[in-house]
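Subject: Structure handover

Hi,

Here is the structure I promised to send over.

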Amino acid sequence: MIELNKKYVFHIPLYKYDDNNDELIAIDMTGIFDELIDEFEENGYDSLYMTDVNSLYKSRFFSEILISIFVSTERLAKDDVEFPDRIFKKWFKKNNDVLEQEGYAYEYNNKMFIEKL
C-alpha cells in the first residue's frame, strides 16, 4: 500500500479585477495553465485533481480552479525533487503580468498560505 500523506491545493484564479471599471475580467489562460501542469509533471507530480469552484473575495464572486496534489514524505525527501509549492510560487510570480492578482494562495496539509505580491 502507498501512503500519500502530504496534500497541496493550489488556487488558480480565472478572473482578474479591473479597478477602473469595477468589474471582473476573464483571464486568458492560454498557454500559462499548461505551463504549470507541464512543470508539475516534469517534477514527477503526474496525478493531479482539478476542481472548478466558485469563490468570494472582497464581496466579489468569481471562478477558480483548485489543483490538488497528494505526495509522500519520502518523495519530498529526495534531492532531485522540486516541491509543488515552489513550482506554484515561481509560476504565479512569472505569470502575474497576465494573472494580475494582488496575491496568491495555496493550502498545505489543511493550512492556508496567502502571499501578497
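Let me start with the charges: Lys58, Glu102 and Lys116 are joined in a network of salt bridges (a salt bridge being a side-chain nitrogen of Lys or Arg within 4 Å of a carboxyl oxygen of Asp or Glu). Before you read on, a caveat: this is a predicted model, where local features need pLDDT of at least 70, side-chain atom pairs count only at pLDDT 80 or more, and totals for chains, interfaces and linings use all residues. Residues are numbered from 1 along each chain as its sequence is written, and side-chain values use heavy atoms, with hydrogens and water left out.

Between Lys58 and Glu102 the closest N and O atoms are 3.2 Å apart. This pair links distant parts of the chain, 44 residues apart: Lys58 sits in the loop between β4 (48-57) and β5 (60-71), and Glu102 in the loop between α4 (96-99) and β6 (103-108). Helices here are DSSP runs of H or I with at least four residues, strands are runs of E with at least two, and both are numbered from the N terminus.

The structure holds six salt bridges. Another one of them joins Glu115 and Lys93 (3.4 Å, N to O), again linking distant parts of the chain, with Glu115 in strand β7 and Lys93 in helix α3, 22 residues apart. Lys93 counts as partly exposed at 46% relative accessibility, and Glu115 is partly exposed too, at 31%. The cut-offs are under 20% relative accessible area for buried, over 50% for exposed and partly exposed in between (1.4 Å probe, protein chains only). There is also Glu82 with Lys90, at 3.5 Å from N to O; Lys90 is exposed at 52%, while Glu82 is partly exposed at 23%.

As for the overall fold, the protein has four helices and seven strands, in the order β-β-β-α-β-β-α-α-α-β-β along the sequence. Its radius of gyration is 15 Å, close to the 13 Å from the globule rule for 117 residues, so the protein is as compact as a globular protein of that length. That radius is taken over C-alpha atoms, and the rule is 2.2 Å times the number of residues to the power 0.38. The C-alpha trace spans about 50 × 25 × 20 Å along its principal axes, and buried residues make up 37% of the 117.

Cheers
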